[in-house]
Amino acid sequence: MSDSKVLGVLILARHGDRQGFYQSPTSYTPTATKITPLGNREEFLLGQYLRARYLNASSPTFISNVNASIVDPNQVLVRADAGGEGGVILQSAMSLTQGLFPADADYNTTLANGTTVQGPLDGYQYVSIESVEPNNDISLEGWTSCSAFDKSTQEFYQSPEFKQKATESQSFLSQLARFLDGRPVTLDNMWNIFDFMNVRNIHDQEFHNNLPPTFLQQARHLANYHEYGVFSDKELNGIGNIAFRTTIPSVVKNLNSIANDTDPLKFVYYATAYKPFLSLFNMTGVAQMNPDLAGIVNYAGTVALEVRQLADSSKVVRFNFKNGTEDTYKRYPFMGSSSGEVPLEQFIQHLQPAAINSTADWCTVCGNDKDRGCGALALAASQAQESIHQKISPVGAGVLGAGLTLFVAIVMLLVLSFLGLVAFGKKGKRRSIGSVTSYEKA
Ligand SMILES: *[C@@H]1O[C@H](CO)[C@@H](O)[C@H](O)[C@H]1NC(C)=O
Ligand SMILES: *[C@@H]1O[C@H](CO)[C@@H](O)[C@H](O)[C@H]1NC(C)=O
Ligand SMILES: *[C@@H]1O[C@H](CO)[C@@H](O)[C@H](O)[C@H]1NC(C)=O
């Protein structure tokens, strides 16, 4: 039996099985792909699993006071990364929510004339999914169009440690060449090599039968090394952790909402790629305490951060991970706690200093002044600077020299951060989910 009550849960889940996907090893710019029936099934099963665990009154992890039959939009929040992997992640979220809140005969309404009408498909429930488009919201895909991140990736490839690994793996990689349809066989390209092999191994019988038994696992180990190196950082607030740093504001806001009994929110689900997992595992020390986690999670792999209330009414976060369809949630030690449970306040205070809180913050951190809303911010800043110049020039700007430059720089910074806030308020109808970069799509 459980000694604590589950107030709610925040889920991070990777998409399901999909067809080939290529991403540039230097910029992580992706190209299109599509989900498969197997992928839909994996996500649907995950939805059913989550339902059995959190929405079943006889489960010890049942979320108290949740409406488990008919979805209550104030209790459930779903956000899906609608970026590089096209519809794969969005459709994964659709499949998962179908398993989570299946059709229910009680999804009906009685009209004024006395007739009761049921929703279509035997009471199918339409769970709202917020599609998070990278171009107007940086929170679920912070790593693309980010030159500071590209630079850190290059530095990793140039590091003595990486070169050593490349040398060690050379003879294995040369054996792989004949399976790769002419793809570059270098350690830099390791993610694409592994992903190509994995997709073929699942979908192509001839490939599957010809591949020597240990090759996929060996390639996976190298890809794990590669991806953990790219999507982690020695510093908590380092650029390598950007894949989770942009998500922190929304995670913190939602965990606080779950912990607050006057707030209805109980179930939060982020549908993502594998990258935020790596940064999360690095930032929480979970990968350090459990080296198996320093790698790519399986399709439909998932983390559940459970917000629990203990007997003394203090609140803690419990870290659970499930490595895809065949696995079940297990509690993992993290942040130095061998119990796998950390006070909520401590968890938040640990992550918050590394948060990227706004688009303006992101533009600065990434060194971007044109894409994803940074252009408008940069233009506004330069206009503000110009108007300051015009006011000062009659006095003879020349004599003001360095002092003026410094002054302008400070004013620019102030203006930027001010605009950062104002611009978000204007862009669209904001949801009550906190991150300044989240909007409801029209
Ligand atoms: C009641 O209204 C619904 C919707 O307009 C209609 O389909 C139904 O036939 C009506 N029932 C009766 C008994 O008039
Ligand atoms: C995060 O990853 C880096 C490697 O990029 C490693 O040096 C560091 O120790 C990791 N941090 C933790 C807390 O595990
Ligand atoms: C997840 O599964 C993959 C493939 O079976 C495996 O290589 C990896 O070690 C697993 N990770 C964990 C944390 O169990």
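This is a predicted model: local features need pLDDT of at least 70, side-chain atom pairs count only at pLDDT 80 or more; totals for chains, interfaces and linings use all residues.

Biologist: Let us start with one residue: is Lys-253 buried, partly exposed or exposed?

Modeller: Lys-253 counts as partly exposed, because its relative accessibility is 30%, and the class in between runs from the 20% limit for buried to the 50% limit for exposed. Its place is in helix H10, which spans residues 248-259. In space, the C-alpha of Lys-253 is 9.5 Å from that of Ile-348, although 95 residues separate the two in sequence.

That pairing across the sequence leads on to the protein as a whole. Among contacts with a separation of 6 or more, 69% join residues 24 or more positions apart. The chain has 442 residues, and 52% of them are buried. Its secondary structure consists of 16 helices and 12 strands.

Helix H8 deserves a visit of its own, and Tyr-228 is one residue that lies in it. With a relative accessible area of 19%, Tyr-228 is buried, as the limit for that class is under 20%. Beyond its sequence neighbours up to four places away, Tyr-228 touches Leu-278, Asn-282, Ala-287 and Ala-294.

Two packed helices are described by the angle between their axes and the distance between the axes. For H5 (residues 160-176) and H8 (residues 215-230), the axes come within 11 Å and cross at roughly 155°. H5 and H8 are therefore roughly antiparallel to each other, since angles over 145 degrees fall in that class. Their crossing is left-handed. On the H5 side, the contact is made by Glu-161, Phe-162, Lys-165, Ser-169, Phe-172, Leu-173, Gln-175 and Leu-176, and on the H8 side by Phe-215, Gln-218, Ala-219, Leu-222, Tyr-225 and His-226. Sorted by class, this contact has eight nonpolar, four polar and two charged residues.

H5 has a further partner in helix H4, residues 147-158, with axes that come within 5 Å and cross at roughly 55°. That angle makes H4 oblique to H5. Here the contact is made by Phe-156, Tyr-157 and Gln-158 of H4 together with Pro-160, Glu-161, Phe-162 and Lys-163 of H5. Four of these residues are nonpolar, one is polar and two are charged. If you colour the contacts of H5, you will find Glu-161 and Phe-162 in the list for H8 and again in the list for H4.

Another helix residue to look at is His-203, found in helix H6 (residues 190-203). His-203 is partly exposed, with a relative accessible area of 36%. Leaving out neighbours within four places in sequence, His-203 is in contact with Asp-17, Arg-18, Gln-19 and Thr-36. For Arg-18, the C-alpha to C-alpha distance from His-203 is 9.9 Å, across 185 residues of sequence.

Asp-122 has a phi near 60°, a positive value in a residue other than glycine. Asp-122 sits in helix H3, residues 120-123, and is exposed, with a relative accessible area of 60%. Arg-372, also not a glycine, has a positive phi of about 55°. Arg-372 lies in the loop between helix H14 (359-366) and helix H15 (374-392), and is buried, with a relative accessible area of 6%.

Note on methods: Residues are numbered from 1 along each chain as its sequence is written. Chains are lettered from A and ligands numbered from 1 in the order in which they are written. Side-chain values use heavy atoms; hydrogens and water are left out. Axes are lines fitted to C-alpha atoms, for helices over the stretch in contact, and angles run from 0 to 180 degrees between N-to-C directions. Helices (H or I, at least four residues) and strands (E, at least two) are DSSP runs, numbered from the N terminus. Angles under 35 degrees count as roughly parallel, over 145 as roughly antiparallel, 65 to 115 as roughly perpendicular and the rest as oblique. A crossing is left-handed if the near helix is turned anticlockwise from the far one by less than a right angle, and right-handed if clockwise. Contact means heavy atoms within 4.5 Å. Ala, Val, Leu, Ile, Met, Phe, Trp, Tyr, Cys and Pro count as nonpolar, Asp, Glu, Lys and Arg as charged, and the others, Gly among them, as polar. Buried means under 20% relative accessible area, exposed over 50%, partly exposed in between (1.4 Å probe, protein chains only).
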